[in-house]
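Please open the model in a viewer and follow the stops below in order. Each stop says what to select and what is found there.

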Amino acid sequence: MGKYFGTDGFRGEANVNLTVEHAFKVGRFLGWYYGQNHKCRVVIGKDTRRSSYMFEYSLVAGLTASGADAYLLHVTTTPSVSYVVRTEDFDCGIMISASHNPYYDNGIKVINGKGEKLEESVIEKIEEYLDGKTGEIPLAINEDIGCTVDYAAGRNRYVGYLISLAIHSYKGVRVGLDCANGSAWMIAKNVFDALGAKTYVINNEPNGININTNCGSTHIEGLQNYVVEKGLDVGFAFDGDADRCLCVDEKGNLVDGDKILYLAGKYMKERGELANNTVVTTVMSNFGLYKAFDSIGIDYEKTAVGDKYVYENMVTNGHKIGGEQSGHIIFSNYATTGDGILTAIKVMEVMLSKKMPLSELADPVKIYPQLLKNVRVADKKAAREDADVQAAVDAVTEALGDTGRILVRESGTEPVIRVMVEAESDAICKKYVDQVVAVLQEKGHVVK
């Protein structure tokens, strides 16, 4: 990770540590970098945050000043930007969103011409330009100045693509959607309505400051109550930019990313579609998922946290499905990034093909109790590499054996060490998390 760009773009509080000047300069660099030998074309989408419009205009100003043409999808999802870039010959795409973060944060996600997250080598060049370490970029003049194009048609083609992926009619199925007052607020309902579902939607009235506020995949309890109250067959909750999806079964139970990976992976295996008999997970996937995979003979790989790393593993090894507990699920036959609405469509496919309720499909995964404690420290690397801290972690690993696990890792975005334990009871989790945190405190790493 760089100074500005983390695992999922340049993210920060709007006009505090992510400013319009940053956005302008990112646009200036991208327009010049991709336009050195031809007229650069960049497609831009945004979520519903109030600041997204401000950043959109700043990016467009930078791009066109460097000679690039900017195509505006307007309010749309991150995976739609990825789809449009890779299918319509754009040099790159930009999504303005801070995903599941509060409304006052925002982010600039850059997507390369293949619809994948931008290469680190290019990110390094952008950061050098932001820091003034490279020469000034020439301004376009006369007819070389770029133009702006309204490109809502690209978003509409993406909606058509999603609809084309469903292999069943949803007629008679009662579906709940929580759109998080974000990017999915129109698209998701349009897709499910077109496929024949009886669609019930909540949190689809964005006002610029209510995105992710007590709603969506980060506050699943709202959809859980709604599904039970309305007697729905299934519910799907998205995050702010709709690259995540969590599900709620007909009983109101959460079906998280791990359970989605299980039921989709099992279905693909049964159909002979699970390449290498492998599902890609991250180190944060629940111990219960691996137990469930072992019981049906499915192999798995573990990557660092971040759908970027999941996708890199999938591409390198030819795997077809991977994702995170948080609901970033990648079906590489259909997309190059996590796509919440696509994930919902694939879950519907499993339910309708097998004629089984979601509760039954997800039941074999027995989620182990988990406790995660975020510990603010002075130096993440020093804390994690402290010999006494490592010894404490090793002692917990030995004590848990094959009945659980401990994971201690650095946050990618904060001065925080994350201590996570999964075990057979909440009491055991708390005991071992406290044990490691106590060592961090004793060694003086913890700050208030």
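How many helices and strands does the protein chain have? Select the protein chain and colour by secondary structure: there are 15 helices and 19 strands, where helices (H or I, at least four residues) and strands (E, at least two) are DSSP runs numbered from the N terminus. The radius of gyration, taken over C-alpha atoms, is 22 Å, close to the 22 Å that the globule rule gives for 448 residues, so the protein chain is as compact as a globular protein of that length. That rule is 2.2 Å times the number of residues to the power 0.38.

This is a predicted model, in which local features need pLDDT of at least 70 and side-chain atom pairs count only at pLDDT 80 or more, while totals for chains, interfaces and linings use all residues. Residues are numbered from 1 along each chain as its sequence is written, and side-chain values use heavy atoms, with hydrogens and water left out.

Next, colour by accessibility. Buried residues (under 20% relative accessible area, 1.4 Å probe, protein chains only) make up 56% of the 448 residues.

Now select N214, in the loop between β9 (198-202) and α7 (221-230). Its phi is near 55 degrees, a positive value in a residue other than glycine. N214 is exposed (over 50%), with a relative accessible area of 60%.

Finally, move to N276, in the loop between α8 (257-270) and β13 (278-282). N276 has a positive phi of about 60 degrees although it is not a glycine.
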